Structure formats: C-alpha cells, structure tokens
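The following report looks at a structure made of chains that touch one another. Please view the sequence and the model first, and then read on.

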Amino acid sequence: MALSGMRGLSVFISEIRNCQNKEQERLRVDKELGNIRTRFKNEKGLTPYDKKKYVWKMLYIFMLGYDVDFGHMEAVSLISAPKYPEKQVGYLVTSCLLNENHDFLRLAINTVRNDIIGRNETFQCLALTLVGNIGGREFAESLAPDVQKLLLSSSCRPLVKKKAALCLLRLFRKNPDVVNVDGWSDLMAQLLDERNLGVLTSSMSLFVALVSNNHEAYWSCLPKCVKILERLARNQDVPQEYTYYGIPSPWLQVKTMRALQYFPTVEDPNTRRSLFEVLQRILMGTDVVKNVNKNNASHAVLFEALALVMHLDAEKEMMSQCVALLGKFIAVREPNIRYLGLENMTRMLMVTDVQDIIKRHQAQIITSLKDPDISIRRRALDLLYGMCDVSNAKDIVEELLQYLGTADFTMREELALKAAILAEKFAPDLSWYVDVILQLIDKAGDFVSDDIWFRVVQFVTNNEDLQPYAALKAREYLDKPAIHETMVKVSAYLLGEYSHLLARRPGCSPKDIFVIIHEKLPTVSTPTISILLSTYAKILMHSQPPDPELQNQIWAIFSKYETCIDAEIQQRAVEYFALSKKGAALMDILAEMPKFPERESSLIKKAEDTEADTAELSAIKLRAQQQASNALVVTDQRPANEPPQVTQLGMVKIPSVDHTSVDQELTEANGNSHEVDPQPDVLGDLLSPLAIEGPPAVVSEEDALALAPVEDQQNSVKPIGDIAERFHALCIKDSGVLYEDPNVQIGIKAEWRGHQGRLVLFLGNKTTFSLTSVQAVILPPSHLKLDLSSVPEIIPPRAQVQCPLEVINLRPSRDVAVLDFSYKFGTNLVDNKLRLPAVINKFFQPIPVSAEEFFPQWRSLAGPPLKLQEVVRGVRAMSLGEMANLLNSLRLIVCPGLDPNPSNLVATTTFYSESTRAMLCLVRIETDPADRTQLRMTVASQDPTLTFELKEYIKEQLISIPIASKPPVPQPPIATSDPGALLAGLL
Amino acid sequence: MGIRFILMVNKQGQTRLAQYYEYLTLEERRALEGEIIRKCLARNEQQCSFVEHRNYKIVYRRYASLFFLVGVDNEENELAILEFIHLLVETMDRHFGNVCELDIMFHLEKAHFMLEEMVMNGCIVETSKTNILAPIQLMDKAS
C-alpha cells in the first residue's frame, strides 16, 4: 500500500490511528489545529502544496468530529487557485465543510461562475459539482442560465453535461422558477434522447424532480422514458461499462420506472402496450441466481417494476401475478428479499384493492412477526396492521397479543397501541373487545398508555349490555396474585360503577369487592389511590341497606387519608367522608356515570401521530426522555393547593370542566358533555402582555380569571399558575417552570458564569397529539446577546424538546428579554409573551468584602454619577432580616458588621458584563426603625450606568416584592374549578 | 432527494469516511453516526441489510472490517443502493487493487474524489468505473 502523496497528512493520520483513546486523540488534534492555525495566520512562506495539505488535514479532523470553523476561509480561498490540484481540493473541501448559508460562499461566487463559463472542462466539472452540492438561492438566481446552456449545448461533452444536469436539479430545488422558461419541457424531452448513459442517469434524476413537482408539463417525455426502458430491458446499444453483472444499468432502469410513477396513467395505447411488454418481461424473466450482486441488481429492477405495475393499476391478472410474486418473496431465505416483500405488500395495500389476495399469505406474514430480524418484524407488524379488517381481526389481534409477551421492548408500546386500535375498529362483538384490552393490560401493562384504558371505560359506560360482563371480567383479574397497576385502576373503576350488577354471584358482594380491591391499595401509587377511594365511595353507595361493618371500614380509610399529603387524595377522602354521611343525598351524587359523547378514538389519532415519527422515535422513547428531563427541570415544590400533575378519571359527576386538568383528553373523559371546541385564548392574550410590562404581581392571573364567568374559561387554553410569579421565582432560582398550560410546559434550567449564561428551555408537549406551528422567538433587549438554537415546528406527542439559549451580557441594564412562544392548538393560535429570567442579578457574583477592602473603595467613589443616593418611600413592610434575605437571594451579599448602625445594611457583589468586565458594586441601605416604609439607599460602582441600573433594580425589588411563595389559601376562584368545592356548593 | 449520507466505518466503530448530502451540525453528525453505528454493528449476517432509523433508512454492507452505510429517504430503491455500494467498492478496488481499510484511510482524498464522481447532491451521477476513475488517473499521471 503506497502512502498518500502528502507525507505530512499520512503521518498525521497514522498518529491519530495510534492514539490509544479518545483523550489522546483530542490532544493530538488540538496540537494539529494549533499548528494549522499558526501556519494559516502567517501566510507568507505557505506554498499551495502546504495549503492543500492543511486543508485535507482539516477535513480529516472534521470527519473525526471536531470543529474546524476557523479554516473555512482557507478552503474557500483555494477555489481561486490557478492550478488544478489546489483548486480541486478547494472545491471538494468547501462542499464538505460549508453549507449554502455560509457567508464565505458568496466570496467564491464569481470564481465559480468564471469556472462554469470558462473553457476548461475540468474546472467546469468542479464548479458544477460544488454548486450542485451546496449552491443556494443566490447561486440559483445568478447561475441557472449558464448551467442550462451547458446542459443543452451540443458541443458540451458528457462529462460536463452529466454534472450540469444535477447542478440544475439543485438550482431548481432552490428556486423552481429556473425552469420556468418557454419551451423548457421540449428541451427536457430532447435531453432524454441522449444516448450516453452517464448523462441519461443524471438527467433522469433531474427529470424525476421535475415531474414530481408538475407532471402536466412533461407528458411529451413519457414515451421517451418508455423508450429508454425498452432499450435497457432489451439490452440494445448498452456499452459494457454500463452493464452491471450482465444487467444494463440497473440504476437507470430503476430511476426511469420511478419517473413513470409520477404520471397518473399512460394513456397512449401504443406506449402503454410497449411499457407493459417490458414490465411483463421483467416480472417473468427475473430468476434467482447464485451471484449475490446479480441477484440484488435484478431484484432491484423487479421491485421497481412491481411498484410501477401497482401504480398503473394493471389488469387483475397482472396484479395477482404481482401479489403471487410478493407472496413468494416473503417466504424465501434471503432476508433482504423477505424485508422488501413485506414492505411492498404493505405498499400494495395502499394502492389497490387486493386485500383478499394478500390475505392468503396471512399465515406467512404472522410467521415473519417472529423473524429474528427486527427490521423484518417491524415490516410484518405494519403489514398486519394494514391488512386487518373485520374478517381477520380476531386472528390478527390474537397473534399480536401472543407476540406481545416476547416482543422487543422497543416495539411493545407500538404493538399494544396497534392491537388496541384494531380491536376497537374491527371488534366482531364488544365483549371480545373488552377481553382484548384486559389481556393487553395484563400482559403488557407498562406499555398500555392511559388512553387505552380510558377508551375501554368509555365503551363500557356507553353500552349497558356490556357492563355486567366487563365487571365480571374485572373481578376475575383481581383474583390473580400479581396484577399490573393499570389493571387495578381499570378494574377498580369498573367495579365501582358496575359491581352491583354482579351482587348475586359468589364472591361479588360489596364487601367481597371492597376487600379484594383494598388488598391492592398498599402496592399502588398515589394517582391510583384516588381512584380506589372513589370506588369505595361507590361501593358504599351501592350497599343498601348499609352494612355497618363495611361502612366503618371505609370510613376509617377515608379518615386516615384526610391528612394525606397528596392534595387530590386528601380532598377526595374529606369529601367522600362528608358525603357518605349524608344518607340519601349520596345516592344522587354518586350515581352511575352518564354516557360519554361519541367521538373519534383518541387512540387512532395517537397512532396517526406516532406514525409520523418513525419506529425509533416511538412514544415510549419520547416518554422516557421526557421523564428523565422532567426530573431535571421540576425541582421546585408545587404549592400544596395546585392540582396534581397526573390526572385520572374522576368518578364523581362534574358539571363543568376541571379547567386545571392537564390533559384535554382526560377532561373529556371526566364526563363533560360540552363539545370541546378550542377557542382562542382571549384571556391569555389579554393577560400575557401584562406579564411583561406591568409592575409585577399587581394583577395576579388567578384574580383576573376570577372576574370571568366560569363558562368562558372552559374551552380556552390558559396558563396554569401565575406567569409573573413563576418569572419572579426564576429570577432567584436557576431552574423551574417558566410557563405551563394544559398542553405545554416550558421549563428552564440555567447556568451563569461571569457575563455569560446558558439557558436551556425544555418545551414539553403534555398531550397525546402533536403540537404544530411551534414558534419561539426571542425579543432581546439591546444589552443582551441571545442566541436561541432552532426550535422544531412540531413537538411530537408527549415529547420534550430542549432548546439551548446562549446569553451574553453586553452592559448593565434592567431590561428584560422576552420569549414570544406560540403554538397551534386545534385551529387556534396560542401565543404567550414570557419574560425570560435573564435579569441583571444573574450576572452578579457575590463576594463578601472585608472592611479593609470596602472602605477605601467606598470613599474613592465620591459622588454622582458613580455613587448615587436616594430616599425610597413606599417600601414593603419587612423586617431587617427579611430585607437581608432578599438582598442575598438577589446575589447581593450582605456583609454584617461593616456598618456600626444595626438598622443599616451593607451589601456587595461583583457584576459582569462585556463592557464593564468584573466590577465591584457596593450598596448601603439605611432604614428608619420608626418608619419601615422608607429608607435611604446608596449605591456605588466604577460605572455610572451600572450604579444607576443597580439602584433602580434594588428599588423595584424593595417596593413591590413579588411573593415568592404564596401561602396556600384556597381562594374562591380556584375553588370554582375544583370538583370538590363545586360539590360542596351543591350541598 | 435520495442519498442523504455515506459513511465508511470500521468494526471498532471508527468513521473512516463521511460524506453528507444534507447539512447537519457537527453535534448532529456525531449523534447520528454514533446511533447508526451502534445499531448496524450489532446485527448479524442472517439479518437483512436495511435498518430503519429516525427518518432514514440505512442500507449497509460489510466488507471485511469495513462497513459501508448509506442513509437514504423513503423514496429510494433499497437493492439499487445496496448494489451501488458494491459498485463503489469495485471502483476503489480497480484503483487501489485489493482495496482495504487503510487505503481509504490514507487516501482519503482519493476516496472523496471517487465519491464525488459517483454521487452529487444525493443522486447517482455515473456508474461506469472507467469514467469515474478518469479524473483521478489524469491527476496521478500529472503528479
């Protein structure tokens, strides 16, 4: 093996190769980058050869995963080198390192153009390739005519032409108008007359892009494609160089058949006949041969032909021939062919009505569900899901259930969801549906999302005939020694509602039911305990005349949970306890749940959403991510009176929607009969600007909401909690929740160092559907440099997206950055302007200062504008200790003992910004023990703006201090949304 | 748009060549390569050559210690890509003679030049080995 022509490069590569570990590699790379940097800085003495060598090194380092941004300029500058070797490297490395948005690329645009229109063919090729790979809109506008000219010129040789074709494809994608020229489609047709197969290969790619965009314009090209196909299929005039294992360019054949699939049909009978002849020949004439490459190549052509036949919707006979072929494929030993057989069968389901023929292969497809290869199993699952209908649902769903026990973890949630949907869609009878879902929960409880069991409850509630059966089944599962928590939930719910229908059976008396459910209580989590309490209340209600022993047992439980730390459980316990003492009134309130309104299955919606993601991004993984990062974000304790985050089916009839409920789906399931039609968030819009401009916390969110009638609140998306309060909490903490509403939660985690900060926004979708049109725009004040990484437009169901935000503090200012966050909920835009806690005190670093340091500084800053004094009136009442805590929380460290007067406070901090660098700030506050509402404040620093801003900032904090944590006093406005309070009102 | 990226990775998981036809940041590349390599290297000979990952389908093939991984979108013919990988290997073989991992490593620039003659903007430009190698041979002669 000969070493590369560039010795330095070879030596470097082998040194990297000899590195024992990543750390050594990093050291070696850093050393080399340092070397390259110095060499580039001092350009004299740098030969073109050296430059070339360094640029290659950079590409190598880039491939290893290190940043080489500093060298972009050098790569670009090589493009203008006069000699081919350097120029070539310049072009190639530039297109590897840069993208179309790099500004440097503009510098090269003239050279590139000169190379394209110049006479040197090799230079033309290089320039066309660069533009073809990374050319942007600007290139499209200035170069398209030149490229077209090359493509159509008769004197232009194939080696240039083929590159021009793909270059034009790029320019077309950047600006579709480049082919908006008169007679272009004729020119395209002319291009397809090309004999050279290299040119034809790239022209066909260009053509595919053009027809996929607008086939109408290119009807005249259709017969040409068929001609090309005939030529290749009959192996006429195909040079040896383009024959691959005896097959005339399989790639061109595939591409041509792909192009034909963009035409809705082939109308001209002659063309149609010729095409079908070719297709028939491919279908019939492809044999399995020993040589792997030949086999693959011929099957590549065959699969494309199958796709084209399906697309053209040929006669029934040819179609069944296709299905027969695919049926054969899914049973062969070759895994690639099995995979593609299944994949194409699934495609076939979508294209035409051949389900019946496909069903004949059901057994084989089910076998593939157990294939050792996950890629194949996934295809089989998709196919089974697609081919399922009433006639085979029972078989298929039962297979899926059976498979669930052994399936890979990555597939289980998808499997469970698909089985649940099929059971719901194609259930021959509803009891079977109940069986399936309960089995599903039993076998794979961890993978059954809440939607699935909500749905079965909904079905049972709406079908009276089903209720005794469902209750009985639930009762049976409770006999099993260990059951999944979801099973506890669903059976407790069903038995609470319908166990009285079983009363005469052995082991189904209210007492028995209570005992067996209560056995599970010690093993379940808090959300489930709430459901169990509701079940007990229902059991109590159904045991008429009351059984005093049972009553006492249940009361004992209620009174035990009356002091529970979980607010939801506590509330239920208190209310049920009070209710159950009401006698007859209990009957009314705890009566059976009314029927649910019929609605589209949320499961199907969910499946559609998850299908948008690919297999790997399955809901389960997203959820795992979310859980992990939630743990990171939600570090603050929720106030005790806030509803718990995990909601569950309540069993009590609630006349209005629980507006604080987290999940829309759940709110519906709560028995609300209003049609849920998301309205624009009027209140939110009115209130959110307040959060930016107004004096903080003067109008709290909840107070304002209280003014609006309850009805108005039902359907709008409104924030949970007080935005202003969350902001103020975040001003003194570095992580927590910035904003929350029923659909999204925005968490923040920040790190500050000197004048820089790094915030991470955690945008979490709490719903089971995708949030679309998500936008987060930062409106920065002039003193902050903010750089938000791009925010995806769509947040998948239950996913959380992390968006890092880099902050640089340029100079002192109290202004606040605002995040304009919006997303679409239903058809309405939810838009909130949120203040970001990148406030002045984040750039403080508290350092206690001794008297020896303090006093010389204090004296040297002699007066305005460096030292400012002001008497502040209207100070919020607080003790000196509280004030010291407040200052400390703002990172202004109080230095006790510096001021001899005990009613004075002295505090210091260091402020960081780009303009001021580190700067010591000194603050003195003199209070009047006789009048706590006024004080005198003196602030000093080396920078007049800083002094002023800091003084104003402290003043703001002293006058209207946001209450960091409100005492949990349940106010009426909160209570109206609270089912318990509503009930109390009814009584 | 067809081919999104081409990776050559040895069985220790080290990238020997990476060519992307869509822009990804360095971090995205690192993450993507890590995920794909982990997934594909864990597969055995009896499994098929296609792996679904994120929005990509990875078509891969192993030659001795080296894996060739091509990321495509859903619009590609998998077997055609699989054989395109072989065409690439045959082309390198014709140039280097019994091509091995070290050839690609130490002649990164040549591997890139060949690839550039074969793929442009994610589409196949040329499939004739003679044509693909012509510019490189010209250059070798010149130097």
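Is Glu926(A) buried or exposed? Glu926(A) is buried, because its relative accessible area is 16%, where buried means under 20% relative accessible area, exposed over 50%, and partly exposed in between, with a 1.4 Å probe and protein chains only. Its salt-bridge partner is Arg924(A), at 3.9 Å from N to O, and Arg924(A) counts as partly exposed at 23% relative accessibility. A salt bridge here is a side-chain nitrogen of Lys or Arg within 4 Å of a carboxyl oxygen of Asp or Glu.

This is a predicted model, in which local features need pLDDT of at least 70 and side-chain atom pairs count only at pLDDT 80 or more, while totals for chains, interfaces and linings use all residues. Residues are numbered from 1 along each chain as its sequence is written, chains are lettered from A and ligands numbered from 1 in the order in which they are written, and side-chain values use heavy atoms, with hydrogens and water left out.

**Salt bridges**

Over all chains, a search of the whole structure finds 70 salt bridges. Some of them are set out below.

| Pair | N to O distance |
|---|---|
| Glu304(A) and Arg258(A) | 2.8 Å |
| Asp734(A) and Lys842(A) | 3.1 Å |
| Glu241(A) and Arg94(B) | 3.7 Å |

Asp734(A) and Lys842(A) meet in a salt bridge. This pair links distant parts of the chain, 108 residues apart, with Asp734(A) in the loop between α38 (723-732) and β3 (735-740) of chain A and Lys842(A) in the loop between β10 (828-835) and β11 (844-845) of chain A; helices (H or I, at least four residues) and strands (E, at least two) are DSSP runs, numbered from the N terminus. Asp734(A) is partly exposed, with a relative accessible area of 29%, whereas Lys842(A) is buried, with a relative accessible area of 2%.

**Arg258(A) and its helix**

Arg258(A) is found in helix α13 of chain A, which spans residues 250-260 and has 11 of its 11 residues buried. For Arg258(A) itself the relative accessible area is 12%, so this residue counts as buried. Leaving out residues up to four places away in sequence, Arg258(A) touches Glu304(A), Glu75(B), Glu76(B) and Asn77(B), where contact means heavy atoms within 4.5 Å. In space, Arg258(A) lies 9.9 Å from Ser212(A), C-alpha to C-alpha, although the two are 46 residues apart in sequence.

**Two further buried residues in chain A**

Ser205(A), in helix α11 (residues 197-213) of chain A, is buried with a relative accessible area of 6%. Beyond its neighbours within four places in sequence, Ser205(A) is in contact with Leu166(A), Leu169(A), Lys255(A), Cys123(B) and Ile124(B).

Leu502(A) has its place in the loop between α26 (485-498) and α27 (510-518) of chain A, and is buried with a relative accessible area of 2%. Not counting residues up to four places away in sequence, the residues that Leu502(A) touches include Pro468(A), Leu472(A), Leu495(A) and Cys508(A).

**Chain B and its interface with chain A**

The secondary structure of chain B comes to 5 helices and 7 strands, which run β-β-α-β-β-β-α-α-α-β-β-α from the N terminus on. Of the 143 residues of chain B, 68% count as buried. Among the contacts in chain B with a separation of 6 or more, 50% come from residues 24 or more positions apart.

The size of an interface is often given as the accessible area lost when the parts come together. Between chain B and chain A the buried area, meaning the accessible area (1.4 Å probe) that two parts lose on being put together, summed over both, is about 6000 Å², of which carbon and sulfur atoms give 55%. On the two sides, 62 residues of chain B are in contact with 74 residues of chain A. Across this interface the rule finds 7 salt bridges. The largest share of the side of chain B that touches chain A, 10 residues, comes from helix α2 (residues 78-96) of chain B.
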